[in-house]
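Keep the viewer open as you read.

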Amino acid sequence: MKTETFELKLSRFFRAPRERVYDAFVNPELMSAWQCPRGMVVVEASADERVGGAYRVQMRARDGTRFGVGGQYVELNRPARLSYTWTWEAGSPMPEGMQTLIEIDLVERDGGTELRMLHTGFPTAELRDNHHHGWDSCFNRLNDALDPQGTAGTLTLLGNPISTYVRTARMGFAEKGVAIKLQPVKPHSPELLAVHPFGRMPALLDGETAIGETSAILRFADESFGYGTLLTPGRVADRVQCEQWVSAVNSYLYDTMIRRYVLPYLFPKGEGNQPDRAVIDQAVGEMPSQLAALEKAYTSRDWLAGPRLSFADLFVAPILYAIEQFPEGRRLLTDMPAIRRAQAVIRQRPSFVSTGPQPG
Ligand SMILES: N[C@@H](CCC(=O)N[C@@H](CS)C(=O)NCC(=O)O)C(=O)O
């Protein structure tokens with residue numbers, strides 16, 4: 001009796017010639033650049049480019065676990081088509097010895113290449129879906145490697161550059177040295193709602209993968225790129241501090257200092273289109289105790305959580321900059337020497353300089 005199997009069909013456009021896309025499946029150096037999902041690295045790739053020849057990819061997760069996958073080339077028709085078997089090795093999260101087949105067609109289109117993949121032979125729909133997520137992430141990496149725009153060809157951040165949360169996310173990518181495209185959108189606009197279910201900014205698109213909420217976007221940036229420069233503190237105590245400040249921004253600091261202080265100045269809704277004084281005055285009344293907590297945290301060093309920059313500083317710096325643009329915020333900060341010292345340091349960083357709000 002023939003048992004049912006499941007198949008996966010994917011297609012993806014790359015701004016690269018067919019030969020180059022074809023090489024991505026047979027050239028070990030290029031295979032190393034993309035044949036594992038984001039957050040992992042390929043530690044070894046080999047390929048014997050002939051029909052019946054073997055290829056193998058070994059990848060490593062952040063916790064050090066290694067997974068191997070490999071198979072044989074079944075058909076090699078450069079640069080239009082190739083097919084190969086795909087089998088996970090022992091120790092991988094997929095069933096060992098499960099043999100599937102991958103067929104790739106490469107079609108020239110719009111000055112680039114459309115890749116069509118058919119991956120067949122999955123024993124369950126769940127395994128097919130796991131591979132779908134995996135391939136989406138791998139193709140994002142392939143795009144990073146092939147697209148003349150690099151990562152900016154794949155990563156689009158949706159949001160208004162004036163938003164402090166958008167600046168936090170942009171600073172995170174800049175700190176990681178990862179180029180992104182910024183797509184200006186309005187809160188709750190259809191384009192934003194299509195990516196972020198609550199219509200808030202920023203939201204990120206990595207190819208077809210959507211991510212909302214600034215801390216999730218920073219987590220994605222931190223763990224997917226640049227292993228050498230983590231924005232998450234290494235020590236548990238510092239990680240806890242970091243999370244404490246991120247939560248404080250999301251729960252109180254943004255609400256007081258931006259939503260009820262800066263925004264009423266920027267988008268006046270009071271009588272005669274003037275800033276609503278009652279709203280502003282109430283927020284100003286809450287600011288000294290919040291700033292005092294930050295002043296205390298910055299007293300012994302320039303960073304909020306541990307010996308170097310972390311998510312926490314990326315969340316806080318754009319807010320402090322924003323309140324300083326208005327009279328009460330500027331006045332309150334004159335009494336906060338530790339905050340001013342620490343802000344002077346972070347404001348020197350290219351990530352801060354390159355993400356400043358546009359004049360007007
Ligand atoms: N918790 C969200 C908050 C994002 C947020 O509130 N962004 C503001 C812009 S700075 C926004 O979209 N505001 C629109 C609104 O409040 O409806 C995050 O961390 O990303």
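Aspartate 206 is buried in this predicted model, since its relative accessible area is 2%. You will find aspartate 206 in strand 10, which covers residues 203-206. Leaving aside residues up to four places away in sequence, aspartate 206 touches Arg38, Asn140, Thr154, Leu155 and Phe220.

One of those contacts, Phe220, takes us to helix 6, residues 214-224. Phe220 is buried there, and so are Thr214, Ile217, Leu218, Ala221, Asp222 and Ser224. The buried residues of helix 6 pack against strand 10, and also against strand 8 (155-158), strand 11 (209-212), helix 4 and helix 9. Just after helix 6, have a look at glycine 226, which takes a positive phi of about 50°.

Now for the nonpolar interior. In soluble globular proteins, nonpolar side chains tend to be buried together. Here the largest nonpolar core has 47 residues, and the members that touch the most others are Tyr261, Leu291, Leu294 and Ile323. The elements giving two or more residues to this core are helix 4 (164-176), helix 7 (236-266), helix 8 (277-299), helix 9 (311-323), helix 10 (327-334) and helix 11 (337-346). Helix 7 gives the most, with 12 residues. To see the packing up close, center on leucine 291: not counting residues up to four places away in sequence, leucine 291 touches Met257, Leu320, Ile323, Leu332, Leu333, Met336 and Ile339. There is also a second, separate core of 41 residues, which includes Ala16, Tyr84, Ile102 and Leu106.

Leucine 266 belongs to helix 7. Is leucine 266 buried or partly exposed? Its relative accessible area is 37%, so leucine 266 counts as partly exposed.

Finally, the cysteines. How many disulfides does a search of the whole structure find? The search finds zero. Cysteine 138 is buried, with a relative accessible area of 6%. Cysteine 242 counts as buried too, at 5% relative accessibility.

Conventions: Residues are numbered from 1 along each chain as its sequence is written. This is a predicted model: local features need pLDDT of at least 70, side-chain atom pairs count only at pLDDT 80 or more; totals for chains, interfaces and linings use all residues. Side-chain values use heavy atoms; hydrogens and water are left out. A nonpolar core is a set of buried Ala, Val, Leu, Ile, Met, Phe, Trp, Tyr and Cys residues joined through side-chain atoms within 4.5 Å. Buried means under 20% relative accessible area, exposed over 50%, partly exposed in between (1.4 Å probe, protein chains only). Helices (H or I, at least four residues) and strands (E, at least two) are DSSP runs, numbered from the N terminus. Contact means heavy atoms within 4.5 Å. A disulfide is a pair of cysteine sulfur atoms within 2.5 Å.
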